Amino acid sequence: MINTQAVFGHKCPHFPGIGTGGRVQMPSSCMSKIDQNARQMRIVPWGAAEAVAQILLGHVQAHLSAKTVTLECLDKQQAKMRIQVEQKGGGYTWVNPGTTVRPYLLLVAEALFLSANPELKERWEALIKVACPDAAPLSARRLDQLSHETAFKEALYPVLDTLYTSGKVFGGSRSEIEADLPDPGGYPHTPIFRGGKKQAAQTHDTSEEGRLIRRASQGVRALLCGPTGTGKTELGKRVALKLGAKLVSIKGRPGLEDRDMIGFISPTPQGPQWVDGPLARAWRLAQQGERTVLLVDELLRLDPYHRNVLIGGLDDVSAQELHLMLGVDVPEGRYYTLELPGNGEVLYASTALLSVICTTNVGSSYTQSGEIDPALLRRFQRVMFVSYPAEQDIMPVYERVMGASAARAAYALEVKTRTMTTQHGQLLERPMNIGVTLNYLAEAKDLVALGLSEAEALEEALGVTVVPFCCSLEEGEPDIAAVKALEITLQDVLKAFKVA
Ligand SMILES: Nc1ncnc2c1ncn2[C@@H]1O[C@H](COP(=O)(O)OP(=O)(O)O)[C@@H](O)[C@H]1O
Ligand SMILES: [Mg+2]
């Protein structure tokens, strides 16, 4: 049962341009036609406003199957929970509908997915046109901005009035039950809330990459280990891209200064001012409600001092502890804190919004080698070993540069170099990797454009791309024996793949 008193009494922090609670009048032009006898006076139903905000912020996920819509949303304590509406005969059954916010989520779902409420659907679509032109969820900051804009308010009020009126007119006739709802196995229909299309089926992606992305959608601290050039950095960026998260990167190198890492105080005509470095930027974005991925590339090349700053930041505290520390009121959950040196400000980021992905070149023996200190290792929830990509994954990338036979020959050469290193008692300093092979193919392609045959181009390009990377230098010259070994191997693969 909808509790009208609770609906109007709700505190809703998302639309400061309109208000955060209490009696806020809406124009009578927004009046729903569902209840002809309603009074003209319209005031903001804050519980319904909260439901709209949660959807726009991307906190509500949808799964549609036949006549049932399952939603994942947040309860009062900001914990995830599932609710559902099922169309049965002429009526609807609500599962776990609550009394204040969740009934309005269900009304939106009925309208968009089960065609229950044409007025709401039409008004919702008009709102989405203003609020989410690209069908992406809004950041908290963007929603705050929008709430000050007339066009947004003019689209929001009609939705709120229809929601409130629908709740009053239809809410009482819904069957309501409480039940533990099973996981529907992904929420591909979520974008439909914001005028988008159903997501391509990637929810069953059980690859390591798919699992990392899913973990990161709830915040993760992950370490990617593996040899150079296996695509660790690229993977970190891809996670951010696929999540639609903001990406902040730090590249570890000796001699990195505070200003390159945390931030610095800059003298300005108005006096000294703090300028965020990448670490502060990542924290601040998450504090503002943005899903954020902090990519710390080459973690072990950070000097110990900066690594410790990062470790300190990855200790999380509860909302209560944060309140005691900083006097701020934040939703339940865990938070990373970051104190800005010299400025005293303490930033806090929800662990659900800030993912930290670090990469390092050490191999799988890192634990024995003691290279990563245990205090740091303990901070990671996932350690993923990234090895060379599978042939079917990387070949299309190579084939975009040169034709199939040249690309396959280059890949075959790359694979062979993995066992031609000094580690294997052979002559090469290091094996080829994706980046080297891509350079090699790009150089060969240029030479083909100049009139060389593919085979000639691959022979010629070897010396300026593969040799300098794979062969050790002796008095400024690449080791002749190693170069010879590469050249012979190249001849073998050119023959094998019939490159002429
Ligand atoms: N899936 C991929 N598709 C295209 N290029 C890739 C892919 N993975 C990696 N690369 C390229 O290969 C090179 C090495 O990848 P990188 O992520 O830097 O490796 P790592 O961080 O493991 O050393 C880069 O030039 C990168 O752009
Ligand atoms: Mg890298």
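Me: Into which domains is the chain divided?

Reply: This is a predicted model, and its chain is divided into domain 1 (4-194), domain 2 (208-385) and domain 3 (391-496). Taken over C-alpha atoms, the centres of domain 1 and domain 3 are separated by 58 Å.

Me: Which residues of α4 are buried?

Reply: A residue counts as buried when its relative accessible area is under 20%. In α4 these are Glu119, Leu120, Arg123, Trp124, Leu127, Ile128 and Ala131. Looking down the axis of α4, you find them within an arc of 160 degrees, so the buried residues line one face of the helix. Pro118, Glu122 and Lys129, on the other side of α4, are exposed.

Me: What covers the buried residues of α4?

Reply: The cover includes helices α2 (46-56), α3 (102-113), α5 (140-146) and α6 (150-170).

Me: Now the ligand. Which residues around ligand 1 come nearest?

Reply: There are 13 residues around ligand 1, and the nearest are Gly229, Gly231, Lys232, Thr233 and Glu234. Gly229 has a polar backbone atom 2.7 Å from an oxygen atom of ligand 1, and for a polar backbone atom of Thr230 the distance to a ligand 1 oxygen is 3.2 Å. Lys232 instead places a polar side-chain atom 2.7 Å from an oxygen atom of ligand 1.

Definitions and conventions:
Residues numbered from 1 in each chain as written. Chains lettered and ligands numbered in written order. Predicted model: local features only at pLDDT ≥ 70, side-chain atom pairs only at ≥ 80, totals over all residues. Heavy atoms only, no water. Buried < 20%, exposed > 50% of the residue type's maximum accessible area, 1.4 Å probe, protein only. Helix = DSSP H or I, 4+ residues; strand = E, 2+ residues; numbered from the N terminus. Arc of directions from axis to C-beta. Contact = heavy atoms within 4.5 Å. Domains from an automatic or database assignment. Near = heavy atom within 4 Å. Polar contact = N/O pair within 3.5 Å; in protein donor to acceptor, adjacent residues only side chain to side chain.
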